[in-house]
Amino acid sequence: MNRFSVIILLRLVLFIATVAAGFALWTAGYPLLIWLVAPFLIAQVVSLYHYLNRVNRKLTLFLEAIRYEDFSIRFSADNKLGKSFSALNHQFNEVLEAFRQTRAEREANLKYIDTIIQHISIGVFSFDTDGKIELINPAAFRLLGIYRLRYIDELKNVHPDLAGLLMQLPAGHKALYATQNGQQLSIQAASVRLQGRLVKLISLQNIHAELQQKELEAWQNLTKILRHEIMNSVTPIVSLIGTMQDIVQYDLAATDEQNDAVGDLREALETIESRSKGIMNFVNAYRDYTTLPKPQFTTINLKQLIHSVSNLLLADMKAAGIRYRSHVSPDNIEIHADETQLQMVLINLIKNAMDALDQTEQPLISVKGSFNGQQVIIEITDNGPGIDPDAQEKIFIPFFTTKKTGSGIGLSLSQQIIQMHGGQLKLSSIPEKGTTFYVLLNS
């Protein structure tokens with residue numbers, strides 16, 4: 001019999017003995033002495049009750065600790081109650097320690113997942129059926145161009161159609177959304193049920209660069225095919241024209257009546273030769289578009305870059321009566337780029353601005369360099385007639401030009417160079433007010 005049973009037995013024996021003594025006093029005619037025995041009897045009952053309920057109290061305390069996740073509680077050994085109670089307390093402590101470790105691991109995993117979500121470049125946020133935001137990471141704020149979001153409906157102020165799209169997008173489906181600043185957002189939805197509540201999880205990814213790259217590859221492939229087919233057709237024609245010119249020059253002995261006809265034939269052959277060579281030169285001009293070398297990246301000071309480009313074109317702008325100004329702030333902005341290729345882009349954009357100011361009174365070109373904390377921005381602005389809205393959508397397409405003598409390769413080649421630098425080339429133009437090209441580069 002363990003110690004607990006012995007103590008219970010002794011308490012019962014003492015209780016029975018006390019009751020028997022009280023009864024004996026009653027039968028012996030000493031009723032007043034019973035009042036002296038009664039408190040002692042009550043004390044034994046209360047002590048026995050508390051002694052028997054000690055295990056229940058410990059069990060209640062143990063379950064409450066689990067319920068409220070208070071795993072700091074420790075149960076004493078209770079050696080006075082025997083080995084069984086000591087083992088019970090030990091098991092209580094072991095279970096609470098296991099719960100404590102499980103909670104610590106869960107919190108560590110949640111912290112790890114939260115750290116990943118906060119640092120990934122893909123935008124992630126979740127909201128409930130009422131549109132209340134429960135989770136959102138910095139990448140989502142950046143992609144959406146906002147700094148705070150509590151409810152999905154608040155997106156209507158910046159992206160009028162996006163809130164409805166997110167609410168209606170079924171779980172497991174994708175959608176493409178074009179923002180007002182030119183980003184192409186790939187949106188994917190998933191849903192999860194948390195404690196009976198349905199929560200929708202949204203991921204955002206800017207695939208503008210990927211789409212531009214695919215478009216660029218498509219134009220390059222088309223250009224290669226056209227160039228190949230045109231050159232294969234025109235080259236033998238030019239060769240035959242040369243042969244025919246030799247025949248006219250040396251083999252035809254023209255009479256007086258035929259002199260005019262031979263002269264017309266010679267002139268026609270010269271015209272065909274000239275136009276054929278013009279086509280060949282035109283096609284060869286697009287070789288750079290399909291064979292542009294990879295950038296050789298170096299660290300470049302932006303102010304020095306713009307200054308060097310300005311010096312190359314100042315004389316031409318002065319001769320054309322164009323006012324020019326440039327400004328870079330701060331002076332120490334540096335970019336990682338191919339200096340030669342970037343110079344080519346800036347020269348092309350400034351020359352386009354010069355061409356656009358041909359009929360403008362008090363023409364002005366300004367070049368501005370700045371840093372917004374994430375990107376280096378180069379702005380080339382003119383106060384010319386602007387670009388027609390229909391033409392703005394096609395301005396970067398190869399072969400498209402708004403100039404009478406243009407080849408349509410300059411802007412598309414400039415865009416390709418900027419894309420190879422991991423940046424973007426954007427346009428903003430208001431008819432009759434002017435045009436601004438934005439070169440956006442990662443710092």
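You're looking at a predicted model, where local features need pLDDT of at least 70, side-chain atom pairs count only at pLDDT 80 or more, and totals for chains, interfaces and linings use all residues. Residues are numbered from 1 along each chain as its sequence is written, and side-chain values use heavy atoms, with hydrogens and water left out.

**Stop 1: I122.** Select I122, in the loop between α3 (83-119) and β1 (123-128); helices (H or I, at least four residues) and strands (E, at least two) are DSSP runs, numbered from the N terminus. With a relative accessible area of 32%, I122 is partly exposed.

**Stop 2: the open sheet.** Now show the five strands that form an open sheet in the order β2-β1-β5-β4-β3, with antiparallel pairing; two strands pair if DSSP finds at least two bridges between them. β2 (133-136) and β3 (174-178) are at the edges with a single partner strand each, so one side of each has no neighbour in the sheet. Zoom in on β1 and β2, which share three bridges: S126 has L135 in β2 as its bridge partner.

**Stop 3: β10.** Jump to residues 375-382. Six of the eight residues in this strand are buried, so β10 is largely enclosed by the rest of the structure.

Note on methods: Buried < 20%, exposed > 50% of the residue type's maximum accessible area, 1.4 Å probe, protein only.
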